[in-house]
Amino acid sequence: MLFARVLFLYLLGKKQLISELEEINLNSNLNLNVNTMKANETLDMNTLGWGQRWEKDFAELKLADVEPARVVADHGHKYRVISKRGEGWAELSGRLQHELPDRSDHPAVGDWVALRYFSIDEKDGIIHGILPRSSRISRRAAGSVPSEQMIAANVDVLLLVAALNLDFNLRRLERYLVMAWNSGASPVVLLSKADLCEDPEHFVRETEQIAPGVPVIAVSAIEDLGRAELEALLQPGMTIALTGSSGAGKSTILNWLAGEEVQLTQGIREGDSRGRHTTTHREMFVLPQGAVMIDTPGMRELQLWDDGGGGWSEAFTDIEELALQCRFGDCRHEREAGCAVQEAVKSGELDRKRLDNYRKTERELKFQASKERLRQRNDRKTTGKKEAPRGKGEQRRQLGRELE
Ligand SMILES: Nc1nc2c(ncn2[C@@H]2O[C@H](COP(=O)(O)OP(=O)(O)OP(=O)(O)O)[C@@H](O)[C@H]2O)c(=O)[nH]1
Ligand SMILES: [Mg+2]
Ligand SMILES: [Zn+2]
C-alpha cells in the first residue's frame, strides 16, 4: 500500500517536472551534436572533462543504477545535464534536498553528479549524488545574513574579463582576483575590447602590477587579437569559466572561440559603458578546441565570499611580501617605525589605493567570517551538527599535496 502511494507520488512528480520543462523549451546550447545522436550511440564523457580524478569519488558514492552527468545550465530547481545519453533535464532527489539545506551545496554549473535515469530510454532523471568540488567560484549572496552563492564548480582556469573602455577599473579587478584566489581555480585576466583602446599594452602593465603572478592578455574579438595566447589555455579536458562585469564581452569571447553564435550578446549602454545583463544564467559549452567553457552572467557589484580558508590574501602577495620586511612582526603598516609597506608607498613602488583596497578587503572578509561563525554556532545549537567542513583554501592546499 505504502509502496503504491510512493510510486504514485513519484510518477505524479515526474509528470509535473516534464510538463514544466516542456514549457521552458530551450534550444540545445551545446556545441556537441547531442540532438543528432542515434539510438544506442553514447557520448564520450571525457569531452566534458570527465577523467580518472572523478572516477574514484564517483565509486565512493556507492550508489546503484547511476551514471555520471555534468550540470551545464542551472534553471533554479531544474538542471540541464549531459550524460552519456546526451543532454536532458534533472532534479535533485528529495533526500538530497533534505540533507543539503545550504543552497550552495546544491548542484551548480560544472558539477559532476550521479544521475539515475527515469527509464532505460530517457536522458532525464534524478540527481542522487554530487561529487566533491575541485574548485568553487562563488560570491556572497544578497541579504543581511552572509551566505555563499555558487557561480560555477570544478573550474580549472577562471578568466576575469575587463573591457578596455570607460568602465575599466583596477580596484574592481582586484575584487575579482580575490574571488579567483578564493575559488581554487587559476586566474587569468583578459583585457577585452582592445580595439577600443589606443595603448592596450599600457593597461596590461598596469594590470600586472595589481595581479602578481597572474597572466594578463589583451584581446579583441572584433579584431581577432590575442587569439593564440587564449587558445593556448584551451586544453582538452580543461574547464574554463568567464566572469566579469555585465557588458565586458564575455559571451562575445565565447562565440569568438566557438566560431559560432552559441550565446546571445547585446550592445552596452551609451554614456556609461555598462552592460545590460544579457546572459541571465550560467551555461556550459564544449569548444572545438576541446576545452569546456562556462559563461556566467555579469554582476552589478561583486560581493566577496570567503569561507575562512584565507585564499584571498594570495591576491595581494606583493603587499604580503613587503610586510615580511617590516621591523615588527605584528606591524599594522600604519605609523610603525621600519614599516616596509609604508616605505614602498612613499617611494611609489606600491599604490596607496591598492593598500587601501587590501585593508578594506581584509576588514570586509573578517567581519563576514565572524558573522558566519556565529551563524554556524547557532545552527549547531539547533541541529546538534558537528563543525562545518574545511574551507576552500584548505581544500586547495590538500589538492596540492595530493598532486605532489
Ligand atoms: N569594440 C568591441 N566591442 C565588443 C568586443 N567584444 C564585445 N563587444 C561588444 O560589447 C557588448 C557586450 O558584449 P557581451 O558579450 O554581450 O557582454 P557580456 O560580458 O556577455 O555581458 P552580460 O551577459 O550582460 O554579462 C556587445 O555589444 C559586443 O558586441 C570587442 O572585442 N570589441
Ligand atoms: Mg553574456
Ligand atoms: Zn608594516
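This is a short chat about a predicted model of a protein chain.

Trainee: What should I know before I start?
Mentor: The model is predicted, so to speak of a local feature takes a pLDDT of at least 70, side-chain atom pairs count only at pLDDT 80 or more, and totals for chains, interfaces and linings use all residues. Residues are numbered from 1 along each chain as its sequence is written, while chains are lettered from A and ligands numbered from 1 in the order in which they are written.

Trainee: What does the pLDDT average for the chain?
Mentor: The average is 83, and 81% of the residues score at least 70. pLDDT is the predictor's confidence in each residue, from 0 to 100.

Trainee: Where does pLDDT stay under 50?
Mentor: Residues 1-35 are one such stretch. The model gives them 28 contacts beyond four places in sequence. Residues 386-404 are also below 50, with 20 contacts beyond near neighbours in sequence. Where pLDDT is low, the predicted coordinates should not be read in detail.

Trainee: What counts as a contact?
Mentor: Two residues are in contact if their C-beta atoms, placed from the backbone, lie within 7 Å. Among contacts in the chain with a separation of 6 or more, 67% join residues 24 or more positions apart.

Trainee: How many helices and strands are there?
Mentor: The chain has eleven helices and 13 strands. Helices (H or I, at least four residues) and strands (E, at least two) are DSSP runs, numbered from the N terminus.

Trainee: And how much of the chain is buried?
Mentor: Buried residues make up 37% of the 404. A residue is buried if 20 or more other C-beta atoms lie within 10 Å of its own, exposed if 12 or fewer, and partly exposed in between; C-beta atoms are placed from the backbone.

Trainee: Let's look at helices. How do H4 and H5 cross?
Mentor: H4 covers residues 170-183 and H5 covers residues 200-210. Their axes come within 10 Å and cross at roughly 50 degrees. Axes are lines fitted to C-alpha atoms, for helices over the stretch in contact, and angles run from 0 to 180 degrees between N-to-C directions.

Trainee: What do we call that arrangement?
Mentor: H4 and H5 are oblique to each other. Angles under 35 degrees count as roughly parallel, over 145 as roughly antiparallel, 65 to 115 as roughly perpendicular and the rest as oblique.

Trainee: Which residues make the contact?
Mentor: H4 supplies Leu170, Leu173 and Glu174. H5 supplies Glu206, Thr207 and Ile210. By class, that contact has three nonpolar, one polar and two charged residues. Ala, Val, Leu, Ile, Met, Phe, Trp, Tyr, Cys and Pro count as nonpolar, Asp, Glu, Lys and Arg as charged, and the others, Gly among them, as polar.

Trainee: New topic. How many residues of H2 are buried?
Mentor: Zero of its nine residues, 52-60, are buried, so H2 lies largely in the open. Lys62 follows H2 and has a positive phi, near 50 degrees.

Trainee: Where is Lys62, then?
Mentor: Lys62 sits in the loop between H2 and strand S1 (67-75). Lys62 is exposed because it has 9 C-beta neighbours inside 10 Å.

Trainee: Is Asn154 buried or exposed?
Mentor: Asn154 is buried, with 27 other C-beta atoms within 10 Å.

Trainee: What about Gly249?
Mentor: Gly249 is in the loop between strand S11 (239-244) and helix H7 (250-258). Gly249 is buried, with 28 C-beta neighbours inside 10 Å. Not counting residues up to four places away in sequence, Gly249 touches Val161, Ala163, Ser192, Lys193 and Ala221.

Trainee: And what is in the loop between S13 and H8?
Mentor: Leu302 is there, with strand S13 at 292-295 and helix H8 at 317-323. Leu302 is partly exposed, with 17 other C-beta atoms within 10 Å. Leaving aside neighbours within four places in sequence, Leu302 contacts Arg139, Arg175, Tyr176 and Met179. Thr296 is found in that loop between S13 and H8 too. Thr296 counts as buried, with 22 C-beta neighbours inside 10 Å.
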